[in-house]
Amino acid sequence: MLDDRTTAAATWPAAYPQGYAVVDVETTGLARDDRIISAAVYRLDAQGNVEDHWYTLVNPERDPGPVWIHGLTTDVLSGAPLFPDIAEEFAERLDGRVLVAHNAIFDWQMIAREYARAKSAAPVRQRLCTIALSKELDLPLPNHKLESLAAHFGVVQQRAHHALDDARVLAEAFRPSLHEAARVGARLPLLECRPLTEWSDGPATPRIGYQATGSYGRGSSWRPARKRPACPHPNPGRYEADKPLKQGMRVAFSGDTSIDRELLEDRAIEAGLHVATSVSRLTSLLVTNDPDSATSKTVKAKSFGTPVVDEAAFTQLLRDVAPADG
């Protein structure tokens, strides 16, 4: 195993962050309207050494979801603080640090939504996904589960799907990953975190359950896919720079947005645009804040020559959408 102290003393990259907050949240489910029911943070210094840790239950003010996974019942959570009651202390743990999580986009989106509901914002500017870091380091893992990363570094899991133990395991696995990255001079896969600027809780939706697999089933959200009305306007073709959007244009979205994605899509539909779930040769415009990412949508947009704009430019364009032809 790599001697961390030698790495720190001799070859530590000056450009690496000065501190990390390793985070895990347990939730009522995976959908946009699901809630955090517990959260844990391990604060680490610049070289991955643990400074302290923190854990809290959170009353979601609704059913707790898959109790058979996280073990948190309504009775356990009924006396827990509400998210606004712990938001300030949570923020203190995150402030000025890179948020580190396993599948970090999920944890970040859940946290950002809770802060938006509380009419606030989490003080997080960057996140680091340990799945992405393990790929950057080309670690010989059989899959990208947390348990596989932990086993690779000899970290013992004690209570899977308990936020505090998951955060501990991740912190212990992240430290040697960080030191290996420093040793080989690897680029850390840091991504920007954009706090949500608006929030609107939609109407309650039917619960359709989880896959009975003992883990959160990505294919079985508790919320069915949202059906949108068909766009009544014909597609006028691709967006052209320095011209307005036109009703009927097919617009696709990729990656994080500061305005909640569904709100942004609703605005596009209200303006007479067609919101597409994928990118094809017929797509008029791709909206993304990370055009250099290797998502399927950005890759296809480049191959098709589809115009790309960021969220800020798109929201400006939405203010003046030209009427459909005819």
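Residues are numbered from 1 along each chain as its sequence is written. In this predicted model, local features need pLDDT of at least 70, side-chain atom pairs count only at pLDDT 80 or more, and totals for chains, interfaces and linings use all residues, while side-chain values use heavy atoms, with hydrogens and water left out.

**Exercise 1. Describe the chain as a whole.**

Step 1. Count the elements. The chain has 11 helices and 10 strands. These are DSSP runs numbered from the N terminus: helices are H or I, at least four residues, and strands are E, at least two.

Step 2. Check burial. Of 326 residues, 51% are buried (under 20% relative accessible area; exposed is over 50%, partly exposed in between; 1.4 Å probe, protein chains only).

Step 3. Look at sequence separation. Take contacts (heavy atoms within 4.5 Å) between residues at least 6 apart in sequence: 68% of them join residues at least 24 apart.

**Exercise 2. Work out how α4 and α5 pack.**

Step 1. Two packed helices are described by the angle between their axes and the distance between the axes. Helix α4 spans residues 83-94 and helix α5 spans residues 104-117. Their axes come within 10 Å and cross at roughly 120°. Axes are lines fitted to C-alpha atoms, for helices over the stretch in contact; angles run from 0 to 180 degrees between N-to-C directions.

Step 2. Classify the angle. α4 is therefore oblique to α5 (under 35 degrees is roughly parallel, over 145 roughly antiparallel, 65 to 115 roughly perpendicular, the rest oblique).

Step 3. List the contacts. From α4 come Phe83, Ala87, Phe90 and Ala91; they meet Ile111, Glu114 and Tyr115 of α5. By class, this contact has 6 nonpolar, no polar and 1 charged residues (Ala, Val, Leu, Ile, Met, Phe, Trp, Tyr, Cys and Pro are nonpolar; Asp, Glu, Lys and Arg charged; the others, Gly among them, polar).

**Exercise 3. Is Phe106 buried or exposed?**

Step 1. Locate Phe106: helix α5.

Step 2. Apply the cut-off. Phe106 counts as buried because its relative accessibility is 14%.

Step 3. Asp24 is 82 residues away along the chain, yet the two C-alpha atoms are separated by 9.9 Å.
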